[in-house]
Amino acid sequence: MQNQEKIEKYGTLAIHIELIKNFYVIVFDMDDTLLKDDKKISDYTLKILSDLKNIGHKIVINTARSKFYNQEYFDLIKPSFAILNGGSLIIDENENIIYENKLKVNVQNLVNDLLKYTKRFSFQT
């Protein structure tokens, strides 16, 4: 069956799934990838992610942000894993910590002291 016939019979979703059916783990960034300009995830994207999970793929979110700032998206996507805080924290779908590399307290204190001089940045622990 040609792609055009598949699109007519099953819709474009069938083509997307066929193109990636050999993958097992699919990693997504949040900003400008899953999130639109209005910081929402489209219904179409949520459908694709759901379909991918239903056929056995693992969905992984990779973001520099903390889980706190992404909770609403995690509740929608329900990823198998999340790589957070620029890679310093990895959790599974049950929020069990797989990997964690926190800054030492003296480094956190130093960064906090430096950030007192600017309002442009925030520090998440």
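**Entry 1: the chain**

I read along the sequence and noted the pattern α-α-β-α-β-α-β-β-β-α. I am working from a predicted model. The secondary structure comes to five helices and five strands. I looked up the share of buried residues and found 28% of the 125 residues in the chain. I also looked up the accessible surface, which comes to about 9,000 Å². Carbon and sulfur atoms hold 52% of that surface.

Next I looked at contacts between residues at least 6 apart in sequence. Of these, 39% join residues at least 24 apart.

**Entry 2: the sheet**

In what order do the five strands lie in the sheet? I found an open sheet with the order β1-β2-β3-β4-β5 and mixed pairing. I noted the edge strands as β1 (25–28) and β5 (97–100), each of which pairs on one side only. Neighbouring strands of this sheet are turned by 15 degrees against each other on average, with direction ignored.

Strand β3, residues 81–84, and strand β4, residues 89–92, pair in the antiparallel sense. I noted four bridges between β3 and β4. Ile83 stands opposite Ile90 in β4.

**Entry 3: the nonpolar core**

I recalled a general point before looking: in soluble globular proteins, nonpolar side chains tend to be buried together. Here the largest nonpolar core has 18 residues. Which residues have the most contacts inside this core? I wrote down Phe28, Met30, Leu34, Ile59, Ile61 and Ile77. The elements that give two or more residues to the core are β1, α3 (43–54), β2 (58–62), α4 (71–77), β3 and β4.

I picked Ile59 from that list and looked up what Ile59 touches, not counting residues up to four places away in sequence. Ile26 and Phe28 are among its contacts. Leu49, Leu52 and Lys53 are also touched by Ile59.

**Entry 4: Asp38**

I turned to a loop. Asp38 lies in the loop between β1 and α3.

Last, I checked where the side chain of Asp38 reaches. I found the backbone nitrogen of Lys40 at 3.0 Å from the Asp38 side chain.

Methods. Residues numbered from 1 in each chain as written. Predicted model: local features only at pLDDT ≥ 70, side-chain atom pairs only at ≥ 80, totals over all residues. Heavy atoms only, no water. Pairing = 2+ DSSP bridges. Axes fitted to C-alpha atoms, helices over the stretch in contact; angles between N-to-C directions. Buried < 20%, exposed > 50% of the residue type's maximum accessible area, 1.4 Å probe, protein only. Contact = heavy atoms within 4.5 Å. Areas by Shrake-Rupley, 256 points an atom, 1.4 Å probe, with all protein chains shown as cover. Core = buried A, V, L, I, M, F, W, Y, C linked by side-chain atoms within 4.5 Å. Polar contact = N/O pair within 3.5 Å; in protein donor to acceptor, adjacent residues only side chain to side chain.
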